[in-house]
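Please read it with the sequence and the coordinates at hand.

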Amino acid sequence: EGNAGVRGGPTGDLYVELSVEPSAEFTRDGRTINSSVSIPYTDAILGTEVPVATVDGSVRMKIPPGTQPGAKLRLAKKGAPTPSRP
């Protein structure tokens, strides 16, 4: 609780504004968190597994054979959580 209001009025509220610092590893688009990984073209043709950084630590991701340059692959449930609403 805050201090008493003016002339004995009710206590006030405190509002805190948060800002998120940029990351060297990730970019964010809403709840989606993006990370880039470069692989040799032979791995894209044949398929492989690569380590991918997530906010919870590194995980191994399967790259399917025939993956095209610029492809975006998804790691389900590794984005930002949905904030609960009161």
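A residue is called exposed when its relative accessible area is over 50%, buried when that value is under 20%, and partly exposed in between. On that scale Ser38, at 77% relative accessibility, counts as exposed. The structure is a predicted model, and the values below are computed from it.

**Exposed loop**

- Ser38, the exposed residue used as the example above, is located in the loop that runs between E2 and H1.
- Although Ser38 and Gly70 are separated by 32 residues in sequence, their C-alpha atoms are 9.8 Å apart in space.

**Largest pocket**

- The largest pocket has a volume of about 1,000 Å³, and 33 residues make up its lining.
- Within that lining, the residues nearest the centre of the pocket are Ser35, Met61, Lys72, Leu73 and Arg74.
- By residue class, the lining of the largest pocket comprises 18 nonpolar, ten polar and five charged residues.
- At least two lining residues come from each of four elements, namely strand E2 (32-34), helix H1 (41-46), strand E3 (48-54) and strand E4 (57-63).
- Strand E3 provides the largest share of the lining of the largest pocket, with four residues.

**Salt bridge**

- When the whole structure is searched, one salt bridge is found.
- The partners are Glu49 and Arg60, whose closest N and O atoms are 3.5 Å apart, which falls within the 4 Å cut-off applied to such pairs.
- Because Glu49 belongs to strand E3 and Arg60 to strand E4, the pair ties together parts that lie eleven residues apart in sequence.
- The two partners fall into separate accessibility classes: Glu49 is partly exposed, with a relative accessible area of 37%, whereas Arg60 is exposed, with a relative accessible area of 53%.
- Strands E3 and E4, which hold the two partners, are also among the elements that supply at least two residues each to the lining of the largest pocket.

**Nonpolar surface patch**

- Leu14, Val16 and Leu18 form a nonpolar patch on the surface, and together these residues have about 410 Å² of accessible area.
- Leu14, one of the members of this patch, lies in the segment that comes before strand E1 (27-29).
- With a relative accessible area of 74%, Leu14 is classed as exposed, because the class begins over 50%.

Notes: Residues numbered from 1 in each chain as written. Predicted model: local features only at pLDDT ≥ 70, side-chain atom pairs only at ≥ 80, totals over all residues. Heavy atoms only, no water. 1 Å grid on protein atoms, 1.4 Å probe; cavity = no way out; pocket = protein on both sides within 12 Å on 5 of 7 lines; lining within 4 Å. Points joined across faces, edges and corners; volume = space filled by probe spheres on them. Nonpolar A, V, L, I, M, F, W, Y, C, P; charged D, E, K, R; others polar. Patch = residues over 30% accessible without salt bridge, like charges linked within 9 Å, V, L, I, M, F, W, Y side chains within 5 Å. Areas by Shrake-Rupley, 256 points an atom, 1.4 Å probe, with all protein chains shown as cover. Salt bridge = Lys/Arg side-chain N within 4 Å of Asp/Glu carboxyl O. Buried < 20%, exposed > 50% of the residue type's maximum accessible area, 1.4 Å probe, protein only.
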